[in-house]
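Q: Hi! Could you walk me through this one?

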Amino acid sequence: MIIAIDGPAASGKGTLGKRLAAHYGLRHLDTGLLYRGVAHVLLSAGHPADDRVRAAAAAAALDPGRLDEDALKTQAAGEGASIVSAFPEVRAALLDVQRRFAAAPPGAVLDGRDIGTVICPDADVKIFVTASAEERARRRFLEFRARGLAVTEAEVLDDIRRRDARDTGRAVAPLRPAADARLLDTTALDVEASVAAAIALVEAAR
Ligand code: C5P
């Protein structure tokens, strides 16, 4: 079974991906980490994220088995990821690794922006997760604060709005629900209620 989860920044798709994978005994790939990994290579070497040639080279050389989640879950890496991910050659370089991950037994849950539309158009279940920008900013802010990162909620909200605009407005693989995706709005749901709703959608679809 392949489950595709897409949605905007901080909509809860990562948590849902992990929980669904555990529930169904599938492997899980947070595909945002791949784009964050590419941005991190550039930024940590002092290059801007919009250096297209270096971004393409970093994507081609990326080792998905060696991504340091803690170093990549920062605002700078997220912002950089939304810049490098708009380059078609970066997306093309990361396509195979995602498709191979999805195809290997016993199946997988992938979360990102274009899983249902581009990476796994034949996924057994597609879920498009949303939540209001304010609620997403509140969640991400609490997460950053718990990790001791110094940001304000207003900065996080600005960042989320900027990334939403970039992710939905880009020419290649823009963020949008696949025609056959099921929508899950988690604005008013806590984690457990979101997981229960997602499992209900999977059960209804398979
Ligand atoms: O999901 P996450 O916030 O980690 O993603 C970081 C950025 O990577 C997104 O804002 C988006 O621009 C990009 N991304 C993408 N396609 C994916 C996953 C992430 O373009 N499948």
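This is a predicted model: local features need pLDDT of at least 70, side-chain atom pairs count only at pLDDT 80 or more; totals for chains, interfaces and linings use all residues.

Q: Okay, where is proline 8 found?
A: Proline 8 is in the loop between strand 1 (2-6) and helix 1 (13-24); these are DSSP runs, numbered from the N terminus, with helices H or I of at least four residues and strands E of at least two.

Q: Is proline 8 buried or exposed?
A: Buried, at a relative accessible area of 8%. Buried means under 20%, exposed over 50% and partly exposed in between, using a 1.4 Å probe and protein chains only.

Q: And how about lysine 13, buried or exposed?
A: Lysine 13 is buried, with a relative accessible area of 8%, and sits in helix 1. A polar atom of its side chain lies 3.4 Å from the backbone oxygen of proline 8.

Q: Switching to the ligand, which residues come nearest?
A: Arg36, Arg91, Arg113, Arg163 and Asp167, of the 15 residues around the ligand (near means a heavy atom within 4 Å).

Q: How far is aspartate 167 from an oxygen atom of the ligand?
A: A polar side-chain atom of aspartate 167 is 2.6 Å from that oxygen, a polar contact being a pair of N or O atoms within 3.5 Å; within protein, one must be able to donate a hydrogen and the other to accept it, and residues adjacent in sequence count only if both atoms are side-chain atoms.

Key
Residues are numbered from 1 along each chain as its sequence is written. Side-chain values use heavy atoms; hydrogens and water are left out.
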